[in-house]
Amino acid sequence: MSAIFNFQSRLTVILLLIYSCAYIPSLAHSLLDRNKTGLLGIFWKCSRIGEQKSLYVAVCCIVMAFSFLFIQ
């Protein structure tokens, strides 16, 4: 089943997108800052969510890993 129709897969994709976008500025800070609007602005917004809510994103990653390893 594709990630569009499965709710848990959709949450996994969104969480990994936020986590990845929060990691990119540590490598190349100007890469996301020049694309604040438009379609690529989604990545900039995900980066800001990952930086400001990093504790919650980390906890969600741990819960997601636990559910994949032990529940499914």
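**Before you select anything**

This is a predicted model, in which local features need pLDDT of at least 70 and side-chain atom pairs count only at pLDDT 80 or more, while totals for chains, interfaces and linings use all residues. Residues are numbered from 1 along each chain as its sequence is written, and side-chain values use heavy atoms, with hydrogens and water left out.

**The whole chain**

Helices (H or I, at least four residues) and strands (E, at least two) are DSSP runs, numbered from the N terminus. Along the principal axes, the C-alpha atoms fill a box of roughly 40 × 25 × 15 Å.

Switch to a surface next. The accessible surface comes to about 5,600 Å², of which 72% belongs to carbon and sulfur atoms; accessible areas come from the Shrake-Rupley method with a 1.4 Å probe, and for residues only the protein chains shown count as cover. Of the 72 residues in the protein, 21% are buried, where buried means under 20% relative accessible area, exposed over 50%, and partly exposed in between (1.4 Å probe, protein chains only). Among contacts (heavy atoms within 4.5 Å) with a separation of 6 or more, 56% join residues 24 or more positions apart.

Select α1, residues 7–27. The expected span of a helix is 1.5 Å times one less than its number of residues, so the 21 residues of α1 should span 30 Å, and its end C-alpha atoms, 31 Å apart, agree with that. Colour Thr 12, Leu 15, Ile 18, Cys 21 and Pro 25, which are the buried residues to look at in α1; the buried residues of this helix pack against α2 (29–33), α3 (41–52) and α4.

Move to α3, which has twelve residues and reaches 17 Å from its first C-alpha to its last, close to the 16 Å expected at 1.5 Å a residue. Here Gly 41, Cys 46, Ser 47, Arg 48 and Gly 50 are buried, and what covers the buried residues of α3 includes α1, α2 and α4.

**The nonpolar core**

Which residues form the largest nonpolar core? Select Leu 15, Ile 18, Cys 21, Cys 46, Val 57, Cys 61 and Met 64, seven residues in all. A nonpolar core is a set of buried Ala, Val, Leu, Ile, Met, Phe, Trp, Tyr and Cys residues joined through side-chain atoms within 4.5 Å. The elements that give two or more residues to this core are α1 and α4 (54–71). Centre the view on Val 57: leaving aside its neighbours within four places in sequence, Val 57 is in contact with Leu 15, Ile 18, Tyr 19 and Gly 50.

**Residues 54–71**

Select residues 54–71, where UniProt, in an unreviewed entry, places the feature "transmembrane region"; UniProt positions are given in the numbering used here, feature names are shortened, and annotations may be inferred rather than shown by experiment. The span is 100% helix and 0% strand, with its end C-alpha atoms 25 Å apart.

A search of the whole structure finds one aromatic pair. The ring centres of Phe 66 and Phe 70 are 5.0 Å apart and their planes are at 50°, so the pair is tilted. Rings of Phe, Tyr and Trp (its six-membered ring) pair if their centres lie within 6.5 Å, and planes under 30 degrees apart count as stacked, over 60 as edge-to-face and the rest as tilted. Being four residues apart in helix α4, Phe 66 and Phe 70 are separated by about one helical turn. Phe 66, at 48% relative accessibility, counts as partly exposed, whereas Phe 70, at 60%, counts as exposed.

**Last stops**

Return to helix α1 and pick Leu 17, which at 29% relative accessibility counts as partly exposed. Leaving aside its neighbours within four places in sequence, Leu 17 is in contact with Phe 43 and Cys 46. Leu 17 and Gly 50, 33 residues apart in sequence, are 9.2 Å apart in space, C-alpha to C-alpha.

Finish at Ile 62 in helix α4, which counts as exposed at 59% relative accessibility. Draw a distance from Ile 62 to Leu 11: their C-alpha atoms, 51 residues apart along the chain, are separated by 13 Å.
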